[in-house]
Every structure is written in structure tokens, then in C-alpha cells.
Amino acid sequence: MILIKEDWELGVMRTAGRKLAEVVAGLRERVLVGASTLDIDRMTEDAILAAGAKPAFKGYKVGRAVFPATICVSINEQVVHGIPSKRRLQEGDLVSLDFGLVYGGYYADTAFSMAMPPVDEQTALLLDTTEKSLYEAVARARVNNRIGDIGHTVQSYCESRGLGVVTQFVGHGIGRKLHEEPSVPNFGKAGTGPLLKAGMVLALEPMITLGSPRTRILKDEWTVVTEDGSRAAHFEHTVAITPSGPEILTSLDPSPHIR
Ligand code: MG
């Protein structure tokens, strides 16, 4: 069932989202060549705890697999769900960071990708297109649109630029749980799927590749990589559908880039 949040619940989710956005802002300048992904995990966890919240992903279970860290960190051909390690970021790496927090019983979830200089042209195209496709998706998160309008927008925007749209992983509703109904695919047909209503909160998260969109999971049971080894990017915001339009909860600016 798709949950519609009460006003007071949206209030708590706004606070949770703002806390997460502040953690992201502090983190961006510390994701540098030479940093290990475990360093980045630790500083993120410290910042979440200092904000009076708890990491959302640590201990998260899928079947018998338990996610061991605060952040998912995915480098180059890794798409999502990479596990922090001693691996250090190198020049030219493309890194995606995905993490969430829970505050006052409500979840917020966000992701962004960035490249370590020097950035090649293809990687720049991938980053730019994936991020813009997220804001295209946000702009469709309006009362009386449908879930398919969001997916269709992401798919057509990215495919028109020659990029691959990952279909094996999707966005989701969010609230008292990290993952709620409905699923929010980054592909689909306009005008199809569940109707969007005021009070729904969605985690919109395009996962886009430079090559084939097909993915597989490594033996660690978490890390998702592209089958063809091409690079992938991932941007995500938690977005509330309000009577007056979409509100990005996980941004310090609630309506960036929305047309
Ligand atoms: Mg998510």
C-alpha cells in the first residue's frame, strides 16, 4: 500500500532530509584522491551521529546478507551497493556515494556521484546527464501524474544522450521504512502506473551507464557492477509530493533546477 504522510510526518521528514543534506554538503569537499572509502564511511557516520540521527543502511538486511557500513560506495563500473574498504580513490575515478539516515522514526535517502580529476569527456557527460535526469524526474513528481511519467522521463532523457538506464534496481517510497511502496523505476511508459498523490514521499534515483545497462552482483552479495565494465553514475533525492509541487527534502535548496 502506498502511504500518504500526514503534515506532522512531513515535518519530521523535512528535518531528517535537511540533516542528510547537511552531511552531504560537509562530505563533498572531503571526497578526494587518496581518501580510502572506509575513511569516507567513518566521516559520514560521525556526521550522521553528530546530527542526532542514525545511519539507515548499516545492518540493513536483504535475505541473509547484512550491509556492514553507513555508506554504499561504488567506483567506476560499480553501480550501487559497494562496500567501504581500504581502497583509496585515484585520479580519474568516478565515485558514487549513497547513504541515508533515520531521525525521529523517519528515513531520508540520498546519493551523488563525482569524479576525481582529471575528468574525461564521457565521464563528464555521464555525470551531467544522470544528475539532470534526476531533476527531470523530480519535476514530474506532481499530483495526478503517474509513476510511469517519472520513469519515462528519465529513460527518454538518458537514452537520447546515448546512455544506458539500469532496470534491475529502482527508486522507492520512503518514510517509516527505508523502502516502501511504490517502486519507482527509471524506465516506463508515460501515463501508466500508480497515481501520484499529495503526501507521498519518493526516493527518486536514476542509475545510468555509459554502456550496456545490464548489471550483475559480485560475490560479496552486495556490489552491483555493469556486465560490460562501463562506468555508472547514481544521483538520488528524497522528494515529497505536495499540493503545490515537488519538494526535495534532501537538498539545502528545496527546488533546485525544477522547471
Ligand atoms: Mg534509495
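How many bridges pair strand 12 with strand 15, and in which sense do they run? I looked: strand 12 (residues 207–209) and strand 15 pair over three bridges in the antiparallel sense.

**Ground rules**

I'm working on a predicted model, with residues numbered from 1 along each chain as its sequence is written, where local features need pLDDT of at least 70, side-chain atom pairs count only at pLDDT 80 or more, and totals for chains, interfaces and linings use all residues. Side-chain values use heavy atoms, with hydrogens and water left out. My helices (H or I, at least four residues) and strands (E, at least two) are DSSP runs, numbered from the N terminus. Two strands pair if DSSP finds at least two bridges between them.

I traced an open sheet of three strands in the order 8-12-15, with antiparallel pairing. Strand 8 (164–165) and strand 15 (232–234) are its edge strands, and each pairs on one side only. For Ile208 I found Ala233 as the bridge partner in strand 15.

**Strand 4**

Next I checked strand 4 (residues 71–75), and five of its five residues are buried (buried means under 20% relative accessible area, exposed over 50%, partly exposed in between, with a 1.4 Å probe and protein chains only). Ile71, Val73 and Ile75 cover one side, Cys72 and Ser74 the other. Strand 4 pairs with strand 6 (residues 94–103) in the antiparallel sense over five bridges. I noted Cys72 opposite Asp98 of strand 6.

**Magnesium site**

I listed the protein donors of the magnesium ion: Asp109 (OD), His172 (NE2), Glu205 (OE) and Glu236 (OE), at 2.2 to 2.4 Å from the ion. Donors here are N, O and S atoms within 2.8 Å of the metal (3.2 Å for Na, K and Ca); water is not among the atoms, so sites may look incomplete. The sequence spacing of the donor residues reads D-x62-H-x32-E-x30-E. Asp109 sits in strand 7 (residues 106–115) and His172 in strand 9 (residues 171–173), so this pair ties together parts 63 residues apart in sequence. Both are buried: Asp109 has a relative accessible area of 2%, and His172 has 4%.

**Val170**

I then went to the loop between strand 8 and strand 9, where Val170 lies. Val170 is partly exposed, at 28% relative accessibility. Skipping residues up to four places away in sequence, I got contacts (heavy atoms within 4.5 Å) from Val170 to Ser183, Val184, Pro185, Phe187, Glu205 and Met207.

**Cores**

The largest nonpolar core has 67 residues, and Val31, Val95, Leu97, Phe99, Leu202 and Leu204 touch the most other members. Such a core is a set of buried Ala, Val, Leu, Ile, Met, Phe, Trp, Tyr and Cys residues joined through side-chain atoms within 4.5 Å. Helix 1 (residues 7–28) gives the most to this core, with seven residues. I also found a second, separate core of seven residues, including Val79, Val166, Val224 and Ala232. Ignoring neighbours within four places in sequence, Val31 contacts Ile40, Leu89, Val95, Leu97, Met114 and Met116.

**Helix 3**

Last, a length check: the 20 residues of helix 3 (residues 121–140) should span 28 Å at 1.5 Å a residue, and the end C-alpha atoms are 29 Å apart, which agrees. The expected span is 1.5 Å times one less than the number of residues. Asp120 caps the N-terminal end of helix 3, with a side-chain oxygen 3.1 Å from the backbone nitrogen of Gln122. Buried residues of helix 3 include Leu126, Leu127 and Tyr135.

Technical notes: Polar contact = N/O pair within 3.5 Å; in protein donor to acceptor, adjacent residues only side chain to side chain.
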